[in-house]
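Please look through the sequence and the model shown below, and keep both in view while reading. The briefing after them goes topic by topic, from confidence to single residues.

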Amino acid sequence: MQFSLSSGWRDRGGALLASLATAAVFATSPVSAETVMLGSPSALYSFDTSTGATTAFGAAVRGNVTGWAAPRPIRQIPDGSLVCTADSSGAYCFNASTKALVGAVSTALSMPYGWDVSQDGKRLVSSSVVSLNGSNVQGAKIVNLQTGADIASLGLETYAVAVSPSSATASLLAMDVSDTSAIFQGKIPYLIATVDLSNGAITKSVPLKAADGTRLYGPWALHGIADTGSAGAANYVIWNKGGTVMVVSADGIVTKSVSAPGVNALSLNQDGTVAFAATGTKAQRISLSSGTVTNDYVDGQVTSASVSNAGDILYTAGPIGGLPASTVGTWSLATGALSSRQATSDAAITTVAAVPAVRRLATPEVGWWWEPANGGTGFSIECSSSNGRCFIGDFTYNTAGQAVWYVTSCALTTSNTCTGPIDEYRNGISLGGAYQAPTATAGAGGTMSVAFTSSTTATVTVTGRPSFSIQRYAINGTSISAPPAFAPQAGWWWSADEGGRGWFVETQNSVVQSGTTYGQAFVAGYMYETTGRPVWYIAQGLYTSVGTFGGSIPLFEATLTEFSGGPPLSGGAGTGLVVAGGRGMATIQFTSATTGSIRLPNGRSVAITRFAVP
């Protein structure tokens, strides 16, 4: 198979890491982290949990959104500048600092089915009565929040809506009106549709199915859908007022089903891995990975629940221990301890929403990425799911066709874009030589900006070249699937004693041959020639293990291949790609998912471990 990928490794010796600026991952908010938003039948309030002070957003503003009707009945725009709410008579957005109205939609929204606002505060999507072909149906509507103008009306029989962690799409929980035979039998065939918020185009539509692929039917009275913004099995969370919370994959497969009797509302933590359900008599903490209730927080009656910005406090609304219905309960998620404050003089608080931190799109997949039009070049990308920091190595060349050692370290923004200088490294340790620290020239390659449009696609802009698209690289040339259980973690590996040299490791797919399972590995070694010039070595092939880590040891052995002559990062055709093999054999023993050793062609063995993205 023809190689068409790239990568790069960055110096870990000395102070080079320390010199990298740690950009802020989360946008700052003008609303205090100790402030939550409250909705009552008569108004919307900001509530300071440390002092108990409340501030109304205006007497004419209604906050009466029933908690179970929408995943985020009060919506805080990620940069903290806007707060949005809605009821059956309209939707409203306010400046969070001045409380001034900045956007409104007066069209009736047919609550309580659901609504949500894009993260830029410009578009509202709701389940509303819409007119199609002369008839009024319970469909979905997309509205410009600044002008009130309709963007699109959709004829899907919509039950709930949720905007994804980007402002690009929304997820609709809808009835499949084409499945008339099921409807005539009194069963509801559900669909999950993905809608482009700019024009209302339905980009994907899948039926709700059981784990074995069997289609699921109601009537279940499903009332809510939330988009977790993560890839894989936990793409959506759906709940019904009757008492079930379901984790649903992007293909509509129900992977987990959790009993939460009487669930009224649901809130997700910032990374989309934990749900907090308001059940009427308690607030429950639900692990979306295991599909189990891990904690019950009982307070007598709960109408709404929301997790704090830091993820350590749960706020609930409702009567607590005989206190009035205007009370807000503050629960420690670590200890379960409760404190409470009476929030307003209103008779009831129906919704509570903590000021959220920035939620990004799904974290970009760790591994090899490439531009298909430029074979022999590409990128090795790893972004931390915990702090949003990315470490990007560029497998590319200079105008003379020689390998260049470029690295960009940056932080993901709200829009899932990572921008930073392109640093160049030279003069480090060679394949068989003694250790020496490399030298770095900060910004020698200009600036790189990578805008991730999904977990597997992105647009790259570099100094001196028009933007171009990259995507995840399939080692087998056709598709990417999960590696076998014995595969090590994908990403950067290194020896702490040999900073500035490293390996980028990825395993894809499970390949069965004659009853034996293999993984497809693609490994790059980033180092230097004896002259100090950067060089790339690639090793590719199958490897297997009878057991998992701790049993038999996975071994990967392949010939090191060197590439030269390809196109430079700044654009151009290059001097003609040259592939030179015969650089010796490299053998890696993976003793765990994060540890191993590599035997170099000269027979020397070096212990390696996973490199933590700073």
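Which element of the chain has the lowest mean pLDDT, and which has the highest? Strand β4 (residues 74-76) has the lowest, at 60, and strand β29 (residues 367-370) has the highest, at 92, where pLDDT is the predictor's confidence in each residue, on a scale from 0 to 100. This is a predicted model, in which local features need a pLDDT of at least 70 and side-chain atom pairs count only at pLDDT 80 or more, while totals for chains, interfaces and linings use all residues. Residues are numbered from 1 along each chain as its sequence is written, and side-chain values use heavy atoms, with hydrogens and water left out.

**Confidence along the chain**

- The average pLDDT of the chain is 77, and 80% of the residues score at least 70.
- Over residues 1-33 the pLDDT stays under 50, and for this stretch the model has 132 contacts beyond four places in sequence, a contact meaning heavy atoms within 4.5 Å.
- Residues 547-551 also have a pLDDT below 50, and this stretch has 12 contacts in the model beyond near neighbours in sequence.

**The chain as a whole**

- The secondary structure comes to one helix and 48 strands; helices (H or I, at least four residues) and strands (E, at least two) are DSSP runs, numbered from the N terminus.
- Of the 614 residues, 55% count as buried, where buried means under 20% relative accessible area, exposed means over 50%, and partly exposed lies in between (1.4 Å probe, protein chains only).
- Among contacts between residues at least 6 apart in sequence, 51% join residues at least 24 apart.

**An open sheet of four strands**

- Four strands form an open sheet in the order β12-β13-β14-β15, with antiparallel pairing; two strands pair if DSSP finds at least two bridges between them.
- The edges of this sheet are β12 (157-163) and β15 (202-207), each of which has a single partner strand, so one side of each is left without a neighbour in the sheet.
- From one strand to the next the twist averages 20 degrees, with axes taken as lines fitted to C-alpha atoms, for helices over the stretch in contact, and angles running from 0 to 180 degrees between N-to-C directions.
- Strand β14 (residues 190-196) is joined to β15 by five bridges, and the two run antiparallel; Leu191 has Pro207 in β15 as its bridge partner.

**Strand β36 and its partners**

- Strand β36 (residues 447-452) has a covered face made of Met448, Val450 and Phe452, whereas Thr447, Ser449 and Ala451 make up its uncovered face.
- Strand β33 (residues 417-421) pairs with β36 in the antiparallel sense over five bridges, and Pro421 stands opposite Thr447 of β36.
- Strand β37 (residues 457-462) is joined to β36 by five bridges and runs antiparallel to it; here Ser449 stands opposite Thr461, and a hairpin joins β36 to β37 through four residues.

**Disulfides**

- A disulfide is a covalent bond between the sulfur atoms of two cysteines.
- Counting a pair of cysteine sulfur atoms within 2.5 Å as a disulfide, the total comes to two.
- Cys383 and Cys390 form a disulfide with their sulfur atoms 2.1 Å apart, and the torsion about their S-S bond is about 105 degrees, so this disulfide is right-handed.
- Cys383 counts as buried at 5% relative accessibility, and Cys390 counts as buried at 0%.
- Cys410 is joined to Cys418 by a disulfide, S to S 1.7 Å, and with 110 degrees about the S-S bond this link is right-handed; Cys410 and Cys418 are both buried.

**Two buried residues**

- Pro534 lies in strand β42 (residues 534-544) and counts as buried because its relative accessibility is 0%.
- The C-alpha atoms of Pro534 and Tyr425 are separated by 7.3 Å, although these residues are 109 residues apart along the chain.
- Leaving aside residues up to four places away in sequence, Pro534 touches Ala403, Val404, Trp405, Tyr425, Arg426, Met527 and Tyr528.
- Thr344 has its place in the loop between β27 (338-342) and β28 (351-354), and counts as buried because its relative accessibility is 8%.
- With residues up to four places away in sequence not counted, Thr344 touches Tyr45, Thr54, Ser326 and Ile349.
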